[in-house]
Amino acid sequence: MHLYAHISSLISDFFSDELKLEIESSKFQFTPTKKEFDGDYTLVVFPLVRHMKKKPEECGEIIGQYLLERSDYVEAFNVVKGFLNLSLSTTFWRESLELVSDPEKLTYPDTNKGKLVLEYSSPNTNKPLHLGHIRNILIGWSMYRILQRVGYEVIKTQIVNDRGVAICKSMLAWKKFAGGETPESSGKKGDHLIGEYYVTFDKALKEEYEQWQTGAEAEKIFREKNDGKIDRNAFFKKWKNEYFNEKSQLGAEVRQMLRDWEDGDPNVIALWEKMNAWVYAGFDETYAGLGVDFDKTYFESDTYKLGKDIVEEGLQKGIFYKMEDGSIWVDLSDSGMDQKLLLRSDGTSVYITQDLGTARIRYEDYKMGSMVYVVGNEQDYHFQVLFEVLKLLGEPYADGLLHLSYGMVDLPTGKMKSREGTVVDADDLMAEVVEIAAANVEDRGAMDELSEEERREAIRRIGMGALKFQLLKVNPKKRMVFNPEESVDLQGHTGPYIQNAYVRILSVLRKAGDFDQDHLSTQDYFRISGDERELIQMLLSYREVIERAAGEFDPAHLAGFSYQLARAYHRFYHDHQIIRAESEAARNFRLKLSVAVAAALEDSLSLLGIAMPVRM
RNA sequence: GGCCCCGUAGCUCAGCUGGAUAGAGCAACUGACUUCUAAUCAGUAGGUCGGAGGUUCGAAUCCUCCCGGGGUCACCA
């Protein structure tokens, strides 16, 4: 920021002129002055005390005096303990307002940080998207906007897990129990329909298992394998996987279907294609509702085979090793990790195999320098392993890999559990927030001048703004509690609160009549208030906020910024007349300031993927 | 059990690259709409920053240990 640079360079001059010392400018710490003290910006002098060999208070006085004499911006100063509080001149505030009024200054010059592949959705095709996916997708979308802003060429991708046991379960259940039900025949969304049959399968399996437990074979296994520490129920709960793999009729059918699929059986492939197509149509609808899209979709059914080739290649190079049973492993104990299976003994691929394939295909497609995966923190270890293996393989992008790991979303009642039916469905949730927004709009009448369509769009933006802000205001790394009731709150620390500040500004500008933003004279305005200075300070800090959000991969910084800016504006708006200001110069100053605030609010929310309503 | 993450007001979260008396929102209570949109503003109340040591002029922030919660260590994804 230019003020910090300006003051820093003066302080550097002070040290070299007066004390013949070269001090790194990173030693100069500035912060906006706390409300309870006089001043606008504060220099922390403690780190400099050592070099000056004087008491903190004296150092502050000396530097303050030096700055007062040399800078047109510094108008007064005071020292409290080791803090030098600087009060800045009207010249500074006026010039700063000009600076932040320049829309160019909100965006970045053409810096080019190269290509970055961003994977921010990785759905399974056996069930619809839920609240957890929404957090994933919103974080990813926001990071796309932010990374793009700071100069990356971002390629937005998703990886669709369209193969494997899970989808076969849905397929088998549909074949057995659906009676030919389709999205068209039932009016159900495709992904929801498939999800229902996934549940159907689970129920059928459970019944089969319970039935089997009453038989003689079950009794024998229980007696032989139980170590006597747990009761019968607990034993069979633990044994469920073995049952599915070794004894279950349904399990056998699913595995047969999986083999048929791998062998390319036309009937199975046709069913698979049909059902996946339903799911994709459903996903597309959900994505559209969230306002996100992808440059490229990868399917694991396309990439898993290449993964096998890569494992073979690593084996040839001697990076991996083969066990007697034919399975292939990598030893990562040098990096503090374990042995890790890369290919099963029967030659089929595991989860990580296809990730290897996907990574390389992406490089062939885009030659990116870096790749970011937005995936939940339950997979932290998986990505450590994946990245280490890619490094061992010498992949050219291996040093540019990042797992943007986000925490799980809990409900006030605890974890979401599909078995207990507590999973919050993405489509339901979106519909609900928009509905609540609509109900609130009806009480207000602020949208009377809008057409039916404009009104619907504004309501959608308010509802989705509430939902998105609620999820993005929390640091991605942290596990969070999501209260569905609070997500539709429109007051307080929410998206609509920020939208409201913006809409108020639009309203003021409408009523102000025509004016030329670039030629508003503010020269005669001298009594710039604390509220106004605070707003300008915030606007000056905006770029740092964006850079921090990009550097830390944390959109919550932008959420915090936009909220604080909106709050400061609401206060300013309440305490100051704009259109009927005390003077022409004051009116001009405040109009200009309002325009700049509106631009920053809109821009910061847009980096979160939230759009502004025109009225509310 | 090994490794990783988390613990701040009744609830949800900021603050964590060390800096002044730890901040917001919700919930509770009080006040402000004939004046640019009250989805707003102002105020009251609410804290052993999980605990104990240590480093420092200064610790919610850094280090060690302990307690509590979660995740992960599959020929699952």
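Where does Lys-367 lie? Lys-367 sits in the loop between H16 and strand E11 (370–376). This is a predicted model. Chain A is divided into three parts: domain 1 (2–88), domain 2 (163–289) and domain 3 (438–606). RNA strand B is surrounded by 60 residues.

**Domains and cysteines**
- Taken over C-alpha atoms, the centres of domain 2 and domain 3 are 49 Å apart.
- The disulfide count is zero.
- Cys-59 is buried, at a relative accessible area of 0%.
- Cys-168 is buried as well, with 2% relative accessibility.

- Most residues other than glycine have a negative phi.
- Lys-367 is not a glycine, yet its phi is positive, at about 55 degrees.
- Lys-367 counts as exposed, because its relative accessibility is 53% and the exposed class begins over 50%.
- Lys-53 also has a positive phi of about 55 degrees without being a glycine.
- The loop that holds Lys-53 runs between H2 and helix H3 (56–70).
- Lys-53 is exposed, with a relative accessible area of 75%.

- Ser-248 is placed in the loop between helix H12 (240–247) and helix H13 (249–263).
- Is Ser-248 buried or exposed? Ser-248 counts as buried, because its relative accessibility is 2% and the buried class is under 20%.
- The side chain of Ser-248 makes a polar contact of 2.7 Å with the side chain of Glu-208.
- A polar atom of the Ser-248 side chain also lies 2.8 Å from the backbone nitrogen of Gly-251.
- With neighbours within four places in sequence left aside, Ser-248 is in contact with Leu-205, Glu-208 and Tyr-243.

**Thr-90 and its contacts**
- Thr-90 belongs to helix H4 (residues 90–101).
- Thr-90 and Tyr-73 are 17 residues apart along the chain, and their C-alpha atoms are separated by 8.0 Å.
- Leaving aside neighbours within four places in sequence, Thr-90 is in contact with Glu-75, Phe-526 and Ile-528.

**The surface near RNA strand B**
- Which residues are closest to RNA strand B? They are Asp-325, Arg-344, Arg-444, Ser-507 and His-576.
- By class, this surface has 24 nonpolar, 20 polar and 16 charged residues.
- Tyr-497 has a side-chain N or O atom 2.4 Å from a phosphate oxygen of RNA strand B.
- Lys-415 places a polar side-chain atom 2.7 Å from a phosphate oxygen of RNA strand B.
- His-493 takes part through its backbone: one of its N or O atoms lies 3.2 Å from a sugar or linking oxygen of RNA strand B.
- Several elements give two or more residues to the surface near RNA strand B, including strand E2 (41–44), helix H2 (46–52), strand E4 (83–88) and helix H16 (351–366).
- Strand E14 (480–481), helix H21 (495–512) and helix H24 (556–575) are also among them.
- Which element gives the most to this surface? H21 does, with seven residues.

How values were computed:
Residues are numbered from 1 along each chain as its sequence is written. Chains are lettered from A and ligands numbered from 1 in the order in which they are written. This is a predicted model: local features need pLDDT of at least 70, side-chain atom pairs count only at pLDDT 80 or more; totals for chains, interfaces and linings use all residues. Side-chain values use heavy atoms; hydrogens and water are left out. A disulfide is a pair of cysteine sulfur atoms within 2.5 Å. Buried means under 20% relative accessible area, exposed over 50%, partly exposed in between (1.4 Å probe, protein chains only). Domain bounds come from an automatic or database domain assignment. Helices (H or I, at least four residues) and strands (E, at least two) are DSSP runs, numbered from the N terminus. A polar contact is a pair of N or O atoms within 3.5 Å; within protein, one must be able to donate a hydrogen and the other to accept it, and residues adjacent in sequence count only if both atoms are side-chain atoms. Contact means heavy atoms within 4.5 Å. A residue is near a molecule or strand if one of its heavy atoms lies within 4 Å of it. Ala, Val, Leu, Ile, Met, Phe, Trp, Tyr, Cys and Pro count as nonpolar, Asp, Glu, Lys and Arg as charged, and the others, Gly among them, as polar.
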